[in-house]
Amino acid sequence: MTEEQAGVAAVLIEEGLLTYDQLYSAADAAEMAGQTLSKYVVAEDLVDEKTLIRVIAKHMGYDFVELDEITVDPAAAMLLPEPLARKHQAIPYAFDGDRLLVATANPYDILAKDDIQAATGRSIELHVSTKGEIDAVLKTLGNLEDAVSDFVSGHDDDVDVADLAAAQAASEDAPIVKFVNQVILKAAGDGASDIHIEPGDRDVRVRYRIDGVLHEVMRTSRKLLSGVVSRLKIMAELDIAERRRPQDGRISIRAQGGTIDLRVSTLPTIYGEKVVMRILDNTTAMLDLSDLGFHMDNLTRYEESFKKPYGTILVCGPTGSGKSTTLYATLNVLNDTERNIVTVEDPVEYRLAGVNQVQVNKKAGLTFANALRSFLRQDPDVMLVGEIRDLETANIAIESALTGHLVLSTIHTNTAPAAVSRLIEMGVEPFLVGSAVDGILAQRLARRLCTKCKVVHEPSQDALDRVGWSDAGLDRSMTLYEAKGCSACAGTGYKGRLAVHELMTVTEEIERMVVDHATTESLTRMALEQGMVPLRHDGLRKVASGQTSLEEVLRVTV
């Protein structure tokens, strides 16, 4: 019996996975079949493959990684040539600083580490995974590499998009279709919110935005650019011959037992057209308010605001701060058979059953303002305006709230009190703002700490004082955590996101101040006195509860 076989046999007995009689019988049968003991016991369903590999890893002092539960970094994986990866049943899956994290299905392979270090030019840290999961990653990456090599080998020069026939032909090239499909499917599988295809001087970079942060997935030949852009334009029903101006469209593809919807935007750059695709996760539209990270105090006050029969609720924050998600979650609470709900959006990202949604169409003259005027003749109870951008839209929204309708909308300001000033700067009369607005919610998105690897963090008292820890009413004795990074979170230390909120309720005192043209600073002081919790302090409360880190809250709040 080889050293590897003996090691597997010892593990099977020590872990109680097989009896001695079962082991001897399996060893004899494996030898007769010309198989290794580990392969035989898995093939005969005597032991589950993942269970066996996990206990072998533990006995050999290696970490076990489940590749099907993490985001494998293709930039890391592609450093190791496929023949060598298959030879050693190993795949690099992430970077840890200058080191390369490598999953192997054969920890007994004593040559693997030296071969992989020589091939990649990096020091490596070995972890253990199953052969099935490693093969699945190699298949996915192989599809991408094959698509690239097939297309590049068949095209000596860039396809000229200005030539309509050539662009059409390139877009229908099988490797191009394969490449585009793989990029989209992998992004959806990795939980990305956006796909960036960016042309450079010498290559094309593909990046995914995951949990609000961009990650480079791969760099590939510029020869693919024209075909990929044309393919995406055709899928989004855009003009493939037009490359001098931006275009917007939408793609819907059936995959993974469901539908993947994407919003597509093209932008001419000096190196060619850049494409960004927003992946529209329809489950987002069905989220409950309790899923968004509301502190109980804020949630209670927010519900009191939007459950009134009329008035205006504003959600503010920068692009990508989750404003639309909060409004959709609010509509889910309000959406019942007793209410007529109408929305005007640009664009309509998610479909809500039972809600009448209208898409802005400027070419046809359908603007936010025009749609709102029509809404008033549609007997609405609740009206959602995607964004208040101008005085006309603001005035109609405010007047609608004053005439017995509940109006929900977003506005681009950094804090809740600043939204009042923004409306007045647009030209809305202060007495109308004070009368119509009931609540303003400012928010940001912070990354959640990975629950599998977060570690205790003990910042100094000075550090806590600088961030306002005691001002937020928090106890120094609370256990805080920071990001570490593991296989489950692709080494980032974070997985998923939660919102940080600041809610200003418009009370009688604040209404009088608005009518008297009070400054944003004065409104902020009064709101704080009346119980508003600033964004930073709400973030610190979530640090104290172990949901996120100090570093992350400092990143997203001022």
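Predicted model: local features only at pLDDT ≥ 70, side-chain atom pairs only at ≥ 80, totals over all residues.
The lining of the second largest cavity comprises 7 nonpolar residues, 2 polar and no charged. Residues are numbered from 1 along each chain as its sequence is written, and side-chain values use heavy atoms, without hydrogens and water.

Trainee: Which elements give two or more residues to the lining of the second largest cavity?

Mentor: A cavity is a set of points on a 1 Å grid over the protein atoms alone where a 1.4 Å probe fits but cannot get out, and lining residues have an atom within 4 Å of a point. The lining includes Phe179, Ile197 and Val204. Two or more residues each come from strand S5 (203–210), strand S6 (213–221) and helix H11 (225–235).

Trainee: Within what arc do the buried residues of H7 fall?

Mentor: Buried means under 20% relative accessible area and exposed over 50% (1.4 Å probe, protein chains only). In helix H7 (residues 112–120; helices are DSSP runs of H or I, at least four residues), Ala112, Ile116 and Thr120 are buried. They line one face of the helix, because seen down the axis of H7 they fall within an arc of 45°.

Trainee: Which exposed residues does the face of H7 turned away from its buried side carry?

Mentor: The buried residues of H7 have a cover that includes helix H6 (82–88) and strand S1 (90–96). The face turned away from the buried side carries Asp114 and Ala118.

Definitions and conventions. Arc of directions from axis to C-beta. Contact = heavy atoms within 4.5 Å. 1 Å grid on protein atoms, 1.4 Å probe; cavity = no way out; pocket = protein on both sides within 12 Å on 5 of 7 lines; lining within 4 Å. Nonpolar A, V, L, I, M, F, W, Y, C, P; charged D, E, K, R; others polar.
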